[in-house]
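Hello,

Here is the structure I promised to pass on to you. Please have a look at it first, and then read my notes below.

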Amino acid sequence: MRIRAALATAVASAGVLLAGWQSGAHIAETGTATTTSLSSTASSGNSGSTGTSGTTGKSGTSSGSGSAGSTTAATYDGTQVQTRFGTVQVRVTIQDGKITEVTPLQLTDAERKSAQISSRAAPILRSEVLQAQSANVQTVGGATVTSDAYLTSLQAALDAANF
């Protein structure tokens with residue numbers, strides 16, 4: 001019985017180390033080292049693969065009065081990213097060569113908990129993106145699937161904008 005318990009503990013420890021290693025690999029990939037977390041009670045099990053589908057499109061191109069010194073704003077829709085928790089899609093607004101707004105058009109909502117997680121993660125991701133002026137930000141702890149899908153959709157919108 002003790003051998004079985006020791007084996008279970010070793011396997012669980014290996015799983016924790018693997019998850020930490022994957023998080024570290026993502027930090028190295030994005031070049032950021034800040035940590036953001038929804039809460040210490042956030043659901044685990046939000047790891048998984050995401051796929052993309054849908055189209056990337058430009059919607060709307062300008063606002064402003066046309067007078068000297070006016071600014072133009074353009075909005076671009078990212079791809080719809082399918083996850084096991086639902087679809088994620090964002091719209092980005094670019095004005096004067098800067099990202100001025102990121103609006104979620106769709107967030108994961110397959111179940112009540114995933115909708116809750118998405119609604120807490122979206123403002124954090126928006127803030128990080130506006131600060132970094134790119135999709136190269138760290139995922140939100142406890143909302144990995146939503147974060148990955150959000151940033152994938154955002155990158156597609158930025159690519160459409162040639163940003």
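What percentage of the residues in the chain is buried? Of the 163 residues, 33% are buried, where buried means under 20% relative accessible area, exposed means over 50%, and partly exposed lies in between (1.4 Å probe, protein chains only).

A word on the basis of these notes: this is a predicted model, in which local features need pLDDT of at least 70 and side-chain atom pairs count only at pLDDT 80 or more, while totals for chains, interfaces and linings use all residues. Residues are numbered from 1 along each chain as its sequence is written, and side-chain values use heavy atoms, with hydrogens and water left out.

The chain has 3 helices and 6 strands, in the order α-β-β-β-β-β-β-α-α from the N terminus. Helices (H or I, at least four residues) and strands (E, at least two) are DSSP runs, numbered from the N terminus.

The largest nonpolar core holds 26 residues, and Val-92, Val-102, Tyr-150 and Leu-154 have the most contacts inside it. At least two core residues come from each of β3 (73–77), β5 (86–95), β6 (98–106), α2 (112–132) and α3 (144–160). By nonpolar core I mean a set of buried Ala, Val, Leu, Ile, Met, Phe, Trp, Tyr and Cys residues joined through side-chain atoms within 4.5 Å. Beyond its neighbours within four places in sequence, Val-102 touches Val-90, Arg-91, Val-92, Arg-126, Val-129, Tyr-150 and Leu-154; a contact is heavy atoms within 4.5 Å.

Just after the helix, Gln-133 has a positive phi of about 55°.

Finally, look at Ala-160 in helix α3. Ala-160 is partly exposed, at 33% relative accessible area.

Best wishes
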